[in-house]
Amino acid sequence: MENPGASPFKVTPVGLDANSEEEYFSQSTLLKEFTEIPSIEKAWSFKSNSGASQVMFSISQPNLLENKKRRYASFSHISKERDDSVQFHWDAFPIEMRSTSLMVPSPSGSKLLVVQNAENDSPTRFEIWSSSQVEREFHVPSSIHRSVYYDGWFEEISWNSDETLIAYIAEEPVSAKPTFTYFGYEKGNCPDKDCNSWKGQGDWDEGWGEAYDGKRLPKLFVININSGEVRAVDGIEKSLSVGQVIWAPSAKDSLQYLVFVGWPSGTRKFGIKYCTNRPCSLYFVRAPCFRYEPCQYGTDTKLSAVVLTESISSAFFPRFSPDGKFLVFLSSKSAVDSGAHNATDSLHRIDWSIDAEPQQRNKIVDVVPVVMCAEDGSFPGLYCSNILSNPWLSDGHTMILSAAWGSTLVVLTVDILSGDVLRISPCTSEFSWDVLTLDGDNIIAVCSSPVDVPEIKYGYLVGNASDNTKWNWLDISSPITKCSEKVRSLLSSKEFSIMSIPVRDASENLTKGASKPYEAIFASSKSKKHDACDPMIVVLHGGPHCVSLSSFSKSSAFLCSLGFSLLIVSYRGSLGFGEEAVQSLPGRVGSQDVNDVLAAIDHVIGMGFADPAKIAAVGISHGGFLTTHLIGQAPDKLAAAAARNPVCNFALMVGTTDIPDWCYFEAFGSEAKSSFTATPSAEHLALFYNKSPISHISKVKTPTLMLLGAKDLRVPITDGLQYARALKEKGVEVKVMMFPDDIHELDRPRTDFESFLNIGVWFKKYCS
Ligand SMILES: CC(=O)N[C@@H](C)C(=O)N[C@@H](C)C(=O)O
């Protein structure tokens with residue numbers, strides 16, 4: 001039937017011919033089905049009054065029409081049956097948390113905090129819910145603080161033990177701005193803007209770069225949920241950025257301390273997103289007193305925040321053991337000390353006394369040290385992107401963590417007394433396993449693969465915690481992990497495996513860890529490997545010190561469902577393979593990583609899994625650097641390419657990015673620390689140029705799609721635009737898609753949708 005609202009004139013969107021418009025239409029309907037698959041973001045479990053367990057899941061789903069993520073909460077009650085089986089009973093409908101920035105239940109599960117950040121300078125709303133209704137609502141004006149952080153890094157919400165106070169991180173209030181009138185500058189304290197005056201900008205305060213636009217300084221606050229009174233925590237140096245706050249256990253209710261992470265800013269702030277190499281320490285500070293509440297600090301209790309981890313360059317994700325005797329934390333000292341923007345983590349503990357004043361000089365005990373070179377199949381070192389707020393088993397010294405282990409995300413137990421680390425998700429599984437929450441000594445996790453949508457698993461211990469063979473995992477069916485029949489049926493014809501790729505240049509002067517094989521995930525149709533091969537897409541992660549995990553990714557699964565095989569390469573320098581592998585890449589980018597990708601491609605061609613004439617590549621950021629290097633250095637290898645916010649010219653990027661130190665470190669290696677400057681010399685600029693994809697532009701002939709976010713502070717669009725214009729000048733087929741309101745990640749719902757739709761159509765056009 002004719003669409004009655006359709007225009008009488010046929011308008012074909014720019015860049016589409018009739019054939020591609022048909023392809024565009026059919027791919028868009030399929031992509032829509034992938035887009036709608038819900039993602040489980042977090043979960044909390046608590047005991048209900050009857051003693052049964054209840055779990056609250058926070059789910060998100062892209063809302064394309066509003067170009068926002070829709071967030072909702074789903075609830076499930078867990079019952080243990082007589083035959084030892086476990087049943088999850090789901091509430092009939094989820095509840096949408098419209099305009100909710102954060103929701104965090106209290107540890108007992110009797111209260112729920114809901115935070116709604118406001119646009120501009122409107123107040124931030126705090127609501128406290130009970131099981132039946134809103135119990136309290138408070139509006140905090142922007143003169144006290146601006147929006148509450150929910151960025152996954154500075155962010156933390158921590159309830160105190162009696163659930164009357166909540167500590168959290170929010171943006172400092174707006175600093176005073178100069179007022180001007182018709183007559184000029186107005187001296188003194190001026191009222192807000194009226195029609196005869198205007199506010200100037202005042203001095204520029206540097207923020208933490210990419211993804212923190214409009215934010216300058218995260219600060220620590222406490223709200224009393226009985227009175228609504230909010231207090232900024234005193235005693236913290238003005239320039240210190242603060243995050244990840246938790247309440248310290250204390251024997252005396254009247255003496256409460258907070259432990260938090262502080263990031264000094266030095267002479268300038270560098271970008272912090274994806275950069276664990278920014279030095280940081282744990283501090284403790286006295287919690288504020290509230291009006292009408294008992295407050296019995298003696299005159300000898302310290303007013304100023306005191307550093308707890310002076311002897312280590314990085315300390316974050318603090319967690320107290322259940323008995324309060326240990327403070328455990330993660331460290332990225334390998335990253336801080338070397339200059340790599342991410343590296344292998346280590347886990348540490350310090351002693352804590354709940355009766356005494358915390359100490360400044362603490363002995364830091366290594367619980368899990370950095371692993372330099374992993375022996376085959378054994379623990380490669382810790383690579384954690386988060387730790388649960390309550391990660392403890394009931395023995396009080398075993399933590400449950402999710403961590404990258406090669407290309408898989410696995411569940412680990414870590415004994416903080418012995419340092420023993422055990423992999424407790426099935427060792428035979430190449431799927432990725434992520435812990436959501438603990439239900440007593442049981443684990444609620446989510447498990448997925450590149451071609452399997454996430455499923456909930458329930459892990460329970462048979463025997464004791466120190467024996468890894470005794471964890472059983474049950475499949476839990478749930479309405480929150482549903483996908484359409486079409487998606488399910490398309491994915492059921494796919495399979496994947498993790499391939500080990502030998503290093504080609506192993507004879508070079510390499511450390512042992514850098515000579516070990518790296519990995520690539522290969523996803524393809526089940527029966528097609530040896531018949532006529534499907535066209536193949538090489539997927540390249542950024543960083544470069546990140547990893548492509550075997551977890552489900554909607555965009556990759558969509559491309560696979562279009563009939564492409566995927567080769568997802570974690571080249572040397574990726575996380576998950578030991579520290580020597582990480583450190584092998586800096587100074588060799590554009591050669592070692594490019595050669596690793598080429599070797600992985602040749603590996604699958606050699607196995608008969610890929611047709612050399614039908615290979616495309618897509619990558620973001622450093623993955624875009626590799627994509628554009630491949631089309632320049634190996635001009636006959638790829639039939640099509642797509643580069644998303646790619647690094648194409650270090651020499652251009654270094655002057656404008658929020659992480660110029662990254663350009664130095666990756667291009668020059670360990671000597672970069674001493675040579676970094678905001679004013680690169682002509683010699684540095686020449687070296688930068690020579691290491692960049694732009695230096696190979698004359699050889700490129702591959703049709704290339706460039707996807708750029710105009711507000712990217714990490715890899716400013718000038719990098720991609722210069723490269724695209726150079727290709728045009730040479731007559732190479734190139735298409736540029738510019739997303740005016742996007743930052744580096746290009747992950748807003750409509751941007752993500754339009755990006756992968758165009759990538760799918762581009763690759764079909766040139767690879768089929
Ligand atoms: C440290 C960093 O941000 N490097 C960028 C050049 C990059 O590659 N970023 C990755 C993390 C990305 O996926 O965007």
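Are Tyr-168 and Phe-221 buried or exposed? Both are buried in this predicted model, and the first view below shows them.

**View 1. The aromatic pair of Tyr-168 and Phe-221.** The two rings are stacked, with 6.0 Å between centres and 25° between planes. Tyr-168 belongs to strand E11 (residues 165-171) and Phe-221 to strand E15 (residues 218-224), so the pair ties together parts that are 53 residues apart in sequence.

**View 2. The aromatic pair of Tyr-664 and Phe-668.** This pair is edge-to-face, at 5.4 Å centre to centre and 85° between the planes. Both residues lie in helix H10 (residues 660-668), four residues apart, or about one turn of the helix. Tyr-664 counts as buried because its relative accessibility is 0%; Phe-668 also counts as buried, at 11%.

**View 3. An aromatic cluster.** The structure holds 35 aromatic pairs. Ring pairs join Tyr-149, Trp-153, Phe-154, Trp-208, Tyr-212, Trp-263, Phe-316 and Phe-317 into a cluster.

View 4. Residues surrounding the ligand include Tyr-274, His-341, Cys-546, Trp-662, Arg-714 and His-744. The shell divides into five nonpolar residues, six polar and one charged. Oxygen atoms of the ligand lie 2.6 Å from a polar backbone atom of Gly-543, 2.7 Å from a polar side-chain atom of Ser-621 and 3.0 Å from a polar backbone atom of His-622. The protein buries 94% of the 380 Å² that the ligand exposes when taken alone.

**View 5. Charged ends over aromatic rings.** Lys-273 places its charged end over the ring of Tyr-274, 5.4 Å from the ring centre. The charged end of Arg-423 sits over the ring of Trp-405, at 4.9 Å from its centre.

Definitions and conventions: Residues are numbered from 1 along each chain as its sequence is written. This is a predicted model: local features need pLDDT of at least 70, side-chain atom pairs count only at pLDDT 80 or more; totals for chains, interfaces and linings use all residues. Side-chain values use heavy atoms; hydrogens and water are left out. A residue is near a molecule or strand if one of its heavy atoms lies within 4 Å of it. A polar contact is a pair of N or O atoms within 3.5 Å; within protein, one must be able to donate a hydrogen and the other to accept it, and residues adjacent in sequence count only if both atoms are side-chain atoms. Accessible areas come from the Shrake-Rupley method with a 1.4 Å probe; for residues, only the protein chains shown count as cover. Ala, Val, Leu, Ile, Met, Phe, Trp, Tyr, Cys and Pro count as nonpolar, Asp, Glu, Lys and Arg as charged, and the others, Gly among them, as polar. Rings of Phe, Tyr and Trp (its six-membered ring) pair if their centres lie within 6.5 Å; planes under 30 degrees apart count as stacked, over 60 as edge-to-face and the rest as tilted. Helices (H or I, at least four residues) and strands (E, at least two) are DSSP runs, numbered from the N terminus. Buried means under 20% relative accessible area, exposed over 50%, partly exposed in between (1.4 Å probe, protein chains only). A charge sits over a ring if NZ of Lys or CZ of Arg is within 6 Å of the ring centre and within 35 degrees of the ring normal.
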